[in-house]
Amino acid sequence: QDLSLPIPTPEAVGTVQSQGQGWGSWVWEWVASWFYGPDVSLLDCLAYFFSADELKGDNMYSCDECKKLRNGLKYSQVTELPDTLCIHLKRFRHDFAFSSKISTRVQFEEVLDMSPWLHQDCSSRERTYRLSGVVCHHGTAGGGHYTCYNYNPTSGAWFEFDDSIVRQVDLATVLASEAYVLF
């Protein structure tokens, strides 16, 4: 199974510009956000996905005991982790007859610790994952091109696959990619 994570807006996760940074880096981030959108991290996406959701108004739940609609909180936690974790970043939004691509940069690291999102009764012994592959989508919601990066444990090297072209790349190139699916 995979985790399909929405890409939240920086406002939704409380991403704030760091205080005390120089005006040059602030200007660069502002200009870059016009082209790429603001950055969020994979941890932001996970925290947003696993955060409590208020059930109120039209989303109230029906209490089995009193048979009335009640306000409440809904949240998810992981009870068992797979050997290979597949994380799908929801880069495409579909509203009525219109589709668009979310091009927000999602920063991710080579190692992911899933401990914060595990249920206390989680039966999995391993809780950390090492990145082994990334699928990227280039283009728009109307069309595009897929490439991928894959780690070869025998050689200890990363490779980019783009149709018939395969080339070795460094980890920094992989971590800077516009990920669509992470393994």
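This talk walks through one protein model, from its overall make-up down to a few side chains.

Before anything else: this is a predicted model. Please keep that in mind throughout.

Let's start with the whole protein. There are 183 residues, and 30% of them count as buried. The protein holds 4 helices and 17 strands. Its accessible surface comes to about 12400 Å². Carbon and sulfur atoms account for 52% of that surface. Now take the contacts between residues at least 6 apart in sequence. Of these, 61% join residues at least 24 apart.

Next, the sheet. How many strands form the open sheet, and in what order? There are 7, running β1-β7-β17-β13-β14-β15-β16. The pairing is mixed. At the edges sit β1, residues 2–6, and β16, residues 165–169. Each of those two pairs on one side only. On average, neighbouring strands in this sheet are turned by 25 degrees against each other, with direction ignored.

Look at one pairing inside the sheet. Strand β13 covers residues 133–140, and strand β17 covers residues 179–182. These two run antiparallel and share 3 bridges. You can find V135 standing opposite V181 of β17.

A helix also belongs in this picture. Helix α3 packs on the sheet. The strands it touches are β1, β7 and β17, with β7 spanning residues 86–90. The direction of α3 makes about 95 degrees with that of β1.

Now the aromatic rings. A search of the whole structure turns up 5 aromatic pairs. I will show two of them.

The rings of F50 and W117 have centres 6.2 Å apart. Their planes meet at 25 degrees; stacked means under 30, so this pair is stacked. Where do the two partners lie? F50 is in helix α3, residues 42–50, while W117 is in the loop between β11 and β12. The pair therefore ties together parts that are 67 residues apart in sequence. F50 and W117 are both buried. They also belong to an aromatic cluster, made up of F49, F50 and W117.

The second pair is Y151 with W158. Here the ring centres are 5.4 Å apart. The planes stand at 55 degrees, so the pair is tilted. Are these two buried or partly exposed? Y151 has 27% relative accessibility, so Y151 counts as partly exposed. W158 has a relative accessible area of 4%, so W158 is buried.

Last, two serines. First up is S41, in strand β2, residues 40–41. Its relative accessibility is 17%; the cut-off for buried is under 20%, so S41 counts as buried. What does the side chain of S41 reach? It reaches the backbone nitrogen of D44, at 3.0 Å. Setting aside neighbours within four places in sequence, S41 is in contact with V106 and Q107.

Then S124. This serine sits in the loop between β11, residues 111–113, and β12, residues 128–130. W117 is in that loop between β11 and β12 too. S124 has 10% relative accessibility and counts as buried. A polar atom of the S124 side chain lies 2.6 Å from the backbone nitrogen of L81. Not counting residues up to four places away in sequence, S124 touches E80 and L81.

Terms used: Residues are numbered from 1 along each chain as its sequence is written. This is a predicted model: local features need pLDDT of at least 70, side-chain atom pairs count only at pLDDT 80 or more; totals for chains, interfaces and linings use all residues. Side-chain values use heavy atoms; hydrogens and water are left out. Buried means under 20% relative accessible area, exposed over 50%, partly exposed in between (1.4 Å probe, protein chains only). A polar contact is a pair of N or O atoms within 3.5 Å; within protein, one must be able to donate a hydrogen and the other to accept it, and residues adjacent in sequence count only if both atoms are side-chain atoms. Contact means heavy atoms within 4.5 Å. Rings of Phe, Tyr and Trp (its six-membered ring) pair if their centres lie within 6.5 Å; planes under 30 degrees apart count as stacked, over 60 as edge-to-face and the rest as tilted. Two strands pair if DSSP finds at least two bridges between them. Axes are lines fitted to C-alpha atoms, for helices over the stretch in contact, and angles run from 0 to 180 degrees between N-to-C directions. Accessible areas come from the Shrake-Rupley method with a 1.4 Å probe; for residues, only the protein chains shown count as cover.
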